[in-house]
Amino acid sequence: SQSSLTVEYRTLESAFGDGYTQRSGDGLNVEGRTWTAVWPVLTFDQLIEIEVFFKAHKGYIAFFWKGPGDADTMKYRCKTWQRSFAGGRPSLSATMERVFDQ
């Protein structure tokens, strides 16, 4: 498995007669970014270290992170992650959601 990025823009849209629509961005920060970040082969110590970090941030405290291939470090939060085991080796996948606060 590999990490993947989903980008979704927040927009406001109004539909009028004859198929006409009016669109605009919903606020100043309209680009939503959600990563499914995957650490495929970890030691148990590395797995615990990542989980301790996520637990300390409790799903709502933002942290700086740079996604694979991203040019810039951005603020994210992580509310959910999942452990997997294949061949006795742990791996971890986490949903990283970009935030604009603080």
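**View 1. Contacts and overall form of the predicted model.** Among the contacts in the protein that link residues at least 6 apart in sequence, 53% join residues at least 24 apart. The model shown here is a predicted one, and its protein contains one helix and seven strands, which follow one another along the sequence in the pattern β-β-β-β-α-β-β-β. The radius of gyration of the protein is 18 Å, whereas a compact globule of 102 residues would have a value near 13 Å. Along the principal axes, the C-alpha trace of the protein spans about 60 × 30 × 25 Å.

**View 2. The surface and the charged side chains of the protein.** Of the 102 residues in the protein, 27% are buried. The protein exposes about 7,100 Å², and carbon and sulfur atoms supply 51% of that area. There are 12 positive and 12 negative side chains in the protein, and the centres of these two sets lie 6 Å apart.

**View 3. Asp-70 in the loop between strands E5 and E6.** Asp-70 is placed in the loop that lies between strand E5, residues 63-65, and strand E6, residues 74-86. Because buried means under 20% relative accessible area, Asp-70 counts as buried at its 12% relative accessibility. The side chain of Asp-70 is joined to the side chain of Arg-33 by a polar contact of 2.8 Å. When neighbours within four places in sequence are left aside, Asp-70 is in contact with Arg-33, Trp-35 and Tyr-76.

View 4. Leaving aside neighbours within four places in sequence, Ala-37 is in contact with Ser-3, Trp-65, Leu-92, Ser-93, Ala-94 and Met-96. Ala-37 and Leu-92 are 55 residues apart along the chain, and their C-alpha atoms are separated by 8.2 Å.

View 5. Gln-22 is part of strand E3, which is made up of residues 21-25. With a relative accessibility of 46%, Gln-22 counts as partly exposed, since this category holds the values between the buried limit of 20% and the exposed limit of 50%. Apart from neighbours within four places in sequence, Gln-22 is in contact with Leu-12, Glu-13, Ser-14 and Phe-16. Leu-12 and Gln-22 are 10 residues apart in sequence, while the distance between them in space, from C-alpha to C-alpha, is 8.2 Å.

View 6. Asp-18 has a positive phi of about 60° although it is not a glycine, and its place is in the loop between strand E2, residues 11-15, and strand E3. Asp-18 is exposed, with a relative accessible area of 88%. Lys-58, which is likewise not a glycine, has a positive phi of about 55°, and this lysine lies in the loop between helix H1, residues 44-57, and strand E5. Lys-58 counts as exposed because its relative accessibility is 58%, and the exposed category begins over 50%.

How values were computed:
Residues are numbered from 1 along each chain as its sequence is written. This is a predicted model: local features need pLDDT of at least 70, side-chain atom pairs count only at pLDDT 80 or more; totals for chains, interfaces and linings use all residues. Side-chain values use heavy atoms; hydrogens and water are left out. Helices (H or I, at least four residues) and strands (E, at least two) are DSSP runs, numbered from the N terminus. The radius of gyration is taken over C-alpha atoms; the globule rule is 2.2 Å times the number of residues to the power 0.38. Buried means under 20% relative accessible area, exposed over 50%, partly exposed in between (1.4 Å probe, protein chains only). Contact means heavy atoms within 4.5 Å. Accessible areas come from the Shrake-Rupley method with a 1.4 Å probe; for residues, only the protein chains shown count as cover. Lys and Arg count as positive and Asp and Glu as negative; His and the chain ends are not counted. The place of a charge is taken as NZ of Lys, CZ of Arg, CG of Asp or CD of Glu. A polar contact is a pair of N or O atoms within 3.5 Å; within protein, one must be able to donate a hydrogen and the other to accept it, and residues adjacent in sequence count only if both atoms are side-chain atoms.
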